[in-house]
Amino acid sequence: MSAADATANPHRPGRQAELLQLPHWCRTAAASLAVCAGWAATTWIALHLQADTTLHTAALFAHLASLVLGFGAVLVVDYYGVLWLTGRKTLREVLDFTAPLHVPVWVGLGGLLFSGAFLHPDLGSPLTCVKLGLVLVLSLNGVQASALHRRLTAVDGGPVGPSLLIRGAVTAAVSQAAWWGAVAIGFLNSQH
């Protein structure tokens with residue numbers, strides 16, 4: 001088999017890995033589209049499905065558990081960012097420790113989205129609409145945070161430029177504002 005035949009064969013070893021190595025902006029765009037589709041799907045479910053008492057109770061438990069999982073992981077990531085900024089941890093230590101925390105953040109966020117659709121959200125309420133907007137913002141910010149993590153990993157011990165520092169600060173600020181805002185609105189809505 002010639003080199004040209006090996007290149008043309010889509011089933012040769014390593015070919016799938018090459019196909020999965022899309023440019024970072026393509027992966028970020030695809031993840032952003034997936035987030036928007038998931039958000040739209042759960043909003044559609046909330047508009048068209050009335051959960052019975054048992055499903056509502058199960059969804060409420062899943063919603064609270066997802067909040068603990070997702071927001072808890074976000075708080076740990078942001079805390080480690082502060083430890084790096086104050087010189088108590090190296091960037092490598094922070095990146096290595098926080099990399100696995102992306103999974104619980106996304107599982108928690110996905111659980112919040114899905115379970116929230118079964119909690120009878122009042123989509124006619126401006127506060128609920130603001131909360132849904134905050135959830136979309138924090139989800140898209142999470143996609144951007146994953147891209148930022150890759151960029152910081154690429155620095156590999158070198159100096160972190162001011163643009164990455166600013167991007168990190170804005171990412172953390174947006175994350176905290178959106179999470180706390182959504183939690184506060186959820187609490188206010190539960191009082192009615």
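This is a predicted model: local features need pLDDT of at least 70, side-chain atom pairs count only at pLDDT 80 or more; totals for chains, interfaces and linings use all residues.
Me: How many helices and strands does the chain have?
Reply: Helices (H or I, at least four residues) and strands (E, at least two) are taken as DSSP runs and numbered from the N terminus. Read along the sequence, the pattern is α-α-α-α-α-α-α-α. The count is therefore eight helices and zero strands.

Me: Among contacts between residues at least 6 apart in sequence, what share joins residues at least 24 apart?
Reply: A contact here means heavy atoms within 4.5 Å. Of the contacts in the chain between residues at least 6 apart in sequence, the share that joins residues at least 24 apart is 81%.

Me: What percentage of the residues in the chain is buried?
Reply: A residue is buried at under 20% relative accessible area, exposed at over 50%, and partly exposed in between, using a 1.4 Å probe and protein chains only. The chain has 192 residues, and the buried part of them is 30%.

Me: Which residues have the most contacts inside the largest nonpolar core?
Reply: A nonpolar core is a set of buried Ala, Val, Leu, Ile, Met, Phe, Trp, Tyr and Cys residues joined through side-chain atoms within 4.5 Å. The largest one has 14 residues, and two or more of them come from each of helix 4 (53–85), helix 6 (102–116), helix 7 (126–155) and helix 8 (162–190). Leaving aside neighbours within four places in sequence, Leu138 is in contact with Leu109, Ala178 and Trp179. The residues with the most contacts inside this core are Val74, Leu134, Leu138 and Trp179.

Me: How many residues are in the other core, which lies apart from the largest one?
Reply: In soluble globular proteins, nonpolar side chains tend to be buried together. Among the members of this other core are Leu91, Leu148, Leu152 and Val160, and its number of residues is seven.

Me: Is His149 buried or exposed?
Reply: His149 lies in helix 7. Leaving aside neighbours within four places in sequence, its contacts are Leu95, Thr98, Ala99 and His102. Because its relative accessibility is 15%, His149 counts as buried.

Me: Which residues does Thr171 touch, not counting those up to four places away in sequence?
Reply: Thr171 lies in helix 8 and, at 8% relative accessibility, counts as buried. Its C-alpha atom is separated by 8.3 Å from that of Gly142, 29 residues apart along the chain. With residues up to four places away not counted, Thr171 touches Asn141, Gln144, Ala145 and Leu148.

Me: Where is Leu119 found?
Reply: At 18% relative accessibility, Leu119 counts as buried, and beyond four places in sequence it touches His56, Ala59, Leu60 and His63. Its location is the loop between helix 6 and helix 7.

Me: Which residues make the nonpolar surface patch of about 260 Å²?
Reply: Patches are made of residues with over 30% relative accessible area and no salt bridge, with like charges joined within 9 Å and nonpolar side chains (Val, Leu, Ile, Met, Phe, Trp, Tyr) within 5 Å. One of the members, Val103, lies in helix 6 and counts as exposed at 56% relative accessibility. The patch is made by Leu69, Val103 and Val107.

Me: Which side chains meet in a salt bridge?
Reply: A salt bridge requires a side-chain nitrogen of Lys or Arg within 4 Å of a carboxyl oxygen of Asp or Glu, and the structure holds one. Because they are four residues apart in helix 5, the two partners, Asp96 and Arg92, are separated by about one helical turn. Asp96 is partly exposed at 48% relative accessible area, as is Arg92 at 32%. At 3.3 Å, N to O, the side chains that meet are those of Asp96 and Arg92.

Me: How many disulfides are there?
Reply: A disulfide is taken as a pair of cysteine sulfur atoms within 2.5 Å. Cys36 is partly exposed at a relative accessible area of 31%, and Cys129 is partly exposed at 41%. By this rule the number of disulfides is zero.

Note on methods. Residues are numbered from 1 along each chain as its sequence is written. Side-chain values use heavy atoms; hydrogens and water are left out. Accessible areas come from the Shrake-Rupley method with a 1.4 Å probe; for residues, only the protein chains shown count as cover.
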